[in-house]
Amino acid sequence: LERGAPAHAEGITISGERTEGASNSEAEPCDDAGRSCATGDTGGMMTDLKRTPLYDLHLDLGAKMVPFAGYEMPVQYPMGVMQEHLHTRAKAGLFDVSHMGQIILRAKSGDTADAALALESLVPVDILGLKEGRQRYALFTNNEGGILDDLMVANRGDHLFLVVNAACKEADAAHLAAHLSGACEIEVITDRALLALQGPDAEAALAAHVPAVANMAFMDVIIAPSAFGDLWISRSGYSGEDGYEISVANDQAAALTRALLADDRVAPIGLGARDSLRLEAGLCLYGSDLDTATTPVEAALNWAMQKSRRAGGDREGGFPGAARILAELANGPARLRIGLLPEGRAPMRAETPLFASESGGEPIGTVTSGAFGPSIGRPMSMGYIATEHSAAGTQIWGEVRGKRLPAVVTAMPFRPAGYKR
């Protein structure tokens, strides 16, 4: 999840839905049959950008603000990107992700199963089998099997709750309206902010305000009363650590944020560290690692497509691009997303061409995300290569500034995840 545009600070290059490890060039929009996912990259200008309800608080906290997905967002705070990353791994980091889209889907019949079946017409995922109080990862696909966006879907009893990427949220809402408005009511939520509290101390920090979160398992969702109004909480995140995403009324967002930051274990974290955290965790960034020309199978997201939607399943196919996606599940794709550990200290960033040998030959793939991993103490990259070269342990070469440098294909995540199971 998460799409935006390149943002830069202290020499750190981040990606955001068409950015992770991206170059300084302007991020490309994703267009598919009339869709347009604006990146929000204004070439460094801060005009005509939206602000989240926490904008003034970011300034009070000393944040460096940058254009991202059409918003002015904090790329880092005085602690700096490296220490923000390490703090999140050791304690707890608090992220403003209010730029992302929140959407409620209700069946006009009053039966949430009908909303689930309707949504299944747009995603290769088992939504009908998603139990109340649980959420799962999903993907909007196009007729060619490419990925329009990735998202989270929660079953909250009488409705489904979706969280979509910032730069595609208008296109996603229009996509839902175009295809599901006959069966569902589609409500775009505009009066709530979204926070992410991540790290090993996240549970203790949030439980001080909402004790019920201590009993949540990974990917559970609840609506909990608090001193800040009802909070919509999921135990999930984008860092590879235990943590929560918290939807809160706009007029209570700053108060909740200040209350969480009053805990010495919690620090504000910007987009720079968010990017390196998710890359260490092997998590995709839409617009960089996923796009409309990439299928879920090429992206190694087979785990996100449950048996019921596959060949022979109870509800086989029935989603856009099913013919290609099911064929790739059966026969394998021509290219595959892989992790890379470059030798030396220099990261192989996005658009680095990859080769099977130290000299000669045509490229076998391309890096889509790359950065230095503070927790692993070395550079790391993610990209796509021809499947015959994708086995872990295979040595390949990336061409950096005209010189081919060695790297080894490796399994992801680059470090073990800390999710609470």
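A polar contact is a pair of N or O atoms within 3.5 Å; within protein, one must be able to donate a hydrogen and the other to accept it, and residues adjacent in sequence count only if both atoms are side-chain atoms. Keep that in mind for the exercises below.

This is a predicted model, in which local features need pLDDT of at least 70, side-chain atom pairs count only at pLDDT 80 or more, and totals for chains, interfaces and linings use all residues. Residues are numbered from 1 along each chain as its sequence is written, and side-chain values use heavy atoms, with hydrogens and water left out.

**Exercise 1.** Find the residue that caps the N-terminal end of helix α3, then list the buried residues of α3.

*Solution.* 
- Step 1: Helices (H or I, at least four residues) and strands (E, at least two) are DSSP runs, numbered from the N terminus.
- Step 2: The cap is Asp111, with a side-chain oxygen 3.0 Å from the backbone nitrogen of Ala113.
- Step 3: Buried means under 20% relative accessible area, exposed over 50%, and partly exposed in between (1.4 Å probe, protein chains only).
- Step 4: In α3 (residues 112-120), the buried residues are Thr112, Ala115, Ala116, Ala118, Leu119 and Glu120.
- Step 5: Contact means heavy atoms within 4.5 Å. Their cover includes β8, β9, β10, β11, α4 and β12.

**Exercise 2.** Work out the strand order of the open sheet of five strands.

*Solution.* 
- Step 1: Two strands pair if DSSP finds at least two bridges between them.
- Step 2: At the edges, β9 (134-141) and β12 (184-189) each pair on one side only.
- Step 3: Now look at β10 (residues 147-155) and β11 (residues 160-164): five bridges join these antiparallel strands. Asn155 has Leu160 of β11 as its bridge partner.
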